Amino acid sequence: MSSKGQQKVKLAYQTAKDKKVGETANCPSCGTEFVKSNYQQAFCKSKVGTICKDKYWNRVTPTKRNNTTRISPASAMYMANRIDLDAPNIVGGSGKISGYTSEGYRIMDGVAYDEFDEPVYNVDMDDDRHPFDLED
Ligand SMILES: [Zn+2]
C-alpha cells in the first residue's frame, strides 16, 4: 500500500521525531527547518494551525484521506489505540487519548491539545455526561 513517496515522508517524520529538544529538524510536510521545543514535536510551527500535520497524516494514512474534517468513532478509536504513545506529555495528565477533535487535535482529560502538546481548548462535554470516560 505504501508508495516510495510515503516511505520517504515517513522517514522524514521519524527523523524529525528522533531529534532532541534544541536540535534543528526539518518539517516532513513542508521541509521548513525548525528548532524542536518539545521532544514529540515533528512538524514546524510556521504554518497556520495543523496544516503540516494534517498534510502528513493525509499522505501516509490512506483511510484519513479526504477525511480532514470528520473522523468516525471507529477510526478515532483506532487512532487512539495506535498513538496513545503520542499522548500529550503533560504533568499530571492521564496519558490517554480519548479521541480527536474535528481539527485533529488530540483530546486528553477533556482538553484538546495541538501537536506541540499545548492545550487549545476545553472539549465540550455533554453536560454531566462524560462521553470519553468510558474506560475504568
Ligand atoms: Zn511544515
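Analyst: Quick ground rule before the strands: two strands count as paired if DSSP finds at least two bridges between them. This is a predicted model, by the way. With that cut-off, β3 and strand β4 (residues 106–108) qualify because 2 bridges join them, and they run antiparallel.

Zooming out, 4 strands make an open sheet, ordered β3-β4-β5-β6, with antiparallel pairing. At the edges sit β3 (99–100) and β6 (119–122), each pairing on one side only. As a general point, strands of a sheet pair through backbone hydrogen bonds, either parallel or antiparallel.

Now the rings. Searching the whole structure turns up 6 aromatic pairs. One of them is Y13 with Y56, which is stacked at 4.5 Å centre to centre and 20° between the planes. That pair links distant parts of the chain: Y13 belongs to helix α1 (residues 4–18) and Y56 to helix α2 (residues 51–60), 43 residues apart. Both Y13 and Y56 are buried.

Y13 also pairs with W57, this time edge-to-face, with 5.6 Å centre to centre and 70° between the planes. Since Y13 lies in helix α1 and W57 in helix α2, the pair ties together parts that are 44 residues apart in sequence. W57 is buried, as is Y13.

Methods:
Residues numbered from 1 in each chain as written. Predicted model: local features only at pLDDT ≥ 70, side-chain atom pairs only at ≥ 80, totals over all residues. Heavy atoms only, no water. Phe/Tyr/Trp six-rings, centres within 6.5 Å; stacked < 30°, edge-to-face > 60°. Buried < 20%, exposed > 50% of the residue type's maximum accessible area, 1.4 Å probe, protein only.
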